[in-house]
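Visitor: Could you pick one part of this model and walk me through it up close? I'd like the packing around it, with the cut-offs spelled out.

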Amino acid sequence: MNQDMTHETKRTFFQRLNTNIGLVINSIEVSILIFCVAALAVLLIANVFARTFFQSIYFAEEISRFLVMLTTFTGVSYGVRRARHIRMGAFLDAMPLKMEKTFIIIIALVSALVMGVMAWFSYEYLMNAMNRSHVTPALRVPKWTFYVIIPIGFGLACIQYVRTI
């Protein structure tokens, strides 16, 4: 027990801050993912019943599209944090340990760079969509509100890749 306490005091302020920020972001991401999947299931099942027995819910397609986008781009960051993304496991397992660590760092750097570039271009796309002032047909909300999550998701994934280095 004393050894655990000594290990805990050796952690720097930035390591503790990084851990706490990671926990907060993780809980937000998990909450968003749980809400989106549950809301999507309820909405689509309700729409099937409504379409069969009454009239289709007119906004179901737009809301479901938004929920799928929110789930996808929140899941990108969550997948990176949990190392559930596509990786070359068999290739890395065949390497010596030192070379494997080097390749993991290179892969994380390249992936962070790609996610950063995608965040930048999706931000530019978002700004372009905001300037066009298009609205959705059913809900009449600006289309860009659906796109806000895209640069956020890519940006958080970039940060997660940097954190793994």
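Guide: Let's start at serine 77, which counts as buried because its relative accessibility is 0%; buried here means under 20% relative accessible area, exposed over 50% and partly exposed in between, using a 1.4 Å probe and protein chains only. Before going on: this is a predicted model, so to speak, with local features needing pLDDT of at least 70 and side-chain atom pairs counting only at pLDDT 80 or more, while totals for chains, interfaces and linings use all residues. Residues are numbered from 1 along each chain as its sequence is written, and side-chain values use heavy atoms, leaving out hydrogens and water.

Serine 77 sits in helix α3; helices are DSSP runs of H or I with at least four residues, strands are E runs of at least two, and both are numbered from the N terminus. Its side chain makes a polar contact with the side chain of glutamate 29, at 2.5 Å. That term covers a pair of N or O atoms within 3.5 Å; within protein, one must be able to donate a hydrogen and the other to accept it, and residues adjacent in sequence count only if both atoms are side-chain atoms.

Setting aside neighbours within four places in sequence, serine 77 is in contact (heavy atoms within 4.5 Å) with Glu29, Gly153, Leu156, Ala157 and Gln160. Two of those names turn up again where α2 meets α7: Asn18, Gly22, Ile25 and Glu29 in α2 meet Leu156, Gln160 and Arg163 in α7. The axes of these two helices come within 13 Å and cross at roughly 140 degrees; axes are lines fitted to C-alpha atoms, for helices over the stretch in contact, with angles from 0 to 180 degrees between N-to-C directions.

Now follow α7 itself. Its buried residues include Gly153, Phe154, Ala157 and Gln160, and the buried set packs against α2, α3, α5 and α6.

Phe154 leads on to the largest nonpolar core, which has 21 residues; Met115, Tyr147, Ile150, Phe154 and Tyr161 have the most contacts inside it. Helices α2 (13–53), α3 (60–81), α5, α6 (144–147) and α7 (149–164) each supply at least two of the core's residues. A nonpolar core is a set of buried Ala, Val, Leu, Ile, Met, Phe, Trp, Tyr and Cys residues joined through side-chain atoms within 4.5 Å. In soluble globular proteins, nonpolar side chains tend to be buried together.
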